[in-house]
Amino acid sequence: MKQIKYIFGIYLLLITGFVFGQSQPDSSFIKANALYSNQKFEEAINVYEQILASGKESDELYFNLGNAYYKTGNAINAILNYERALLLKPNDEDIKFNLDIANQFIVDNIEGLPKPFFVRWRESVINKFAADTWAKISVVCFVVFLMLLGFYIFSKSANIKRFSFLIGILVIVISLFTFSFASKQKQNITHRASAIIQCPRVTVKSSPSETGTDLFLIHEGLKIEITDSLNNWKEIKLLDGNKGWLTDSCIIRI
């Protein structure tokens, strides 16, 4: 039983990083929202940005900041903050809707490569909930597993032992899967491999050098994926699979 308690403690320690990893905005958030309601969008943006500068973030904070930028006509920063909000809350329909509207101002219209069914299904499942929600589900399932394990070990009834064993296997499998989903979501938030182009127009090079061959031209607001890095150059990948190199001065990470 001491080993079980030890394993449970380690598991909870790991999960805590998921559940409480995101800080919540302080009372300044209320002030910023009031400024936004009074159509003082520039002032609201300043307060929202100050909250972010203090190290706090949330999907609601990014969403409201994106709305404020959109109201001032800054579609690029609106897209950036909607994307950041979606990273923290990947299945939010309001964020997706506003992001789609802001993306209408983007010059480049790049169609993504089709993904296999199982990849799309897995992504849709993972994006169903945020990292902290998946982590809480995983913790609950693990606690239920420990209870069933106790029934299996100490019960004298063969039926209870059989029931505890079968359900326990199912619950621990769910716990492991949901933990992996939380881990994947947390990894996306931590590494942030996606970025937004912030230069009005930029030529993508074939190599990390100004003398590299010009490959194609892209414009501000386009979402790209960073796949490699060399000094101040980043290798990027577009939704259609095209790759090339850009200086990091034209890229801002989501």
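Tyr152, Ile153, Phe154, Phe165, Leu166, Ile169, Val173 and Phe177 make up a nonpolar surface patch with about 790 Å² of accessible area together. Two or more residues of the patch come from each of H8 and H9. H9 gives the most, with five residues. This is a predicted model, where local features need pLDDT of at least 70, side-chain atom pairs count only at pLDDT 80 or more, and totals for chains, interfaces and linings use all residues. Residues are numbered from 1 along each chain as its sequence is written, and side-chain values use heavy atoms, without hydrogens and water.

**Terms for the patch**
- Patch residues have over 30% relative accessible area and no salt bridge; nonpolar side chains are joined within 5 Å.
- A salt bridge is a side-chain nitrogen of Lys or Arg within 4 Å of a carboxyl oxygen of Asp or Glu.
- Areas follow the Shrake-Rupley method with a 1.4 Å probe.

**Tyr152**
- Tyr152 sits in helix H8. Helices are DSSP runs (H or I, at least four residues), numbered from the N terminus.
- Its relative accessible area is 36%, so Tyr152 is partly exposed. Buried means under 20%, exposed over 50%, and partly exposed in between.
- Lys161 lies over the face of Tyr152, 5.1 Å from the ring centre. The rule asks for NZ of Lys or CZ of Arg within 6 Å of the ring centre and within 35 degrees of the ring normal.

**Helix H9**
- H9 covers residues 158–191, which is 34 residues. At 1.5 Å a residue they should span 50 Å, and the end C-alpha atoms are 49 Å apart, which agrees. The expected span is 1.5 Å times one less than the number of residues.
- Its buried residues include Ser164, Gly168, Val171, Phe181 and Ile189.
- Arg192 follows H9 and has a positive phi, near 45°.

**Aromatic pairs**
- Rings of Phe, Tyr and Trp (its six-membered ring) pair if their centres lie within 6.5 Å; planes under 30 degrees apart are stacked, over 60 edge-to-face, and the rest tilted.
- By this rule there are nine aromatic pairs.
- Tyr70 and Phe105 have ring centres 6.1 Å apart and planes at 70°, so they are edge-to-face. Tyr70 lies in helix H4 and Phe105 in the loop between H6 and H7, so the pair ties together parts 35 residues apart in sequence.
- Tyr70 is partly exposed at 31%. Phe105 is exposed at 53%.
- Trp134 and Phe181 are edge-to-face, with centres 5.0 Å apart and planes at 70°. This pair links helix H8 to helix H9, 47 residues apart.
- Both Trp134 and Phe181 are buried.
- Phe129, Trp134, Phe177 and Phe181 form one aromatic cluster.

Notes. Buried means under 20% relative accessible area, exposed over 50%, partly exposed in between (1.4 Å probe, protein chains only). Patches are made of residues with over 30% relative accessible area and no salt bridge: like charges are joined within 9 Å, nonpolar side chains (Val, Leu, Ile, Met, Phe, Trp, Tyr) within 5 Å.
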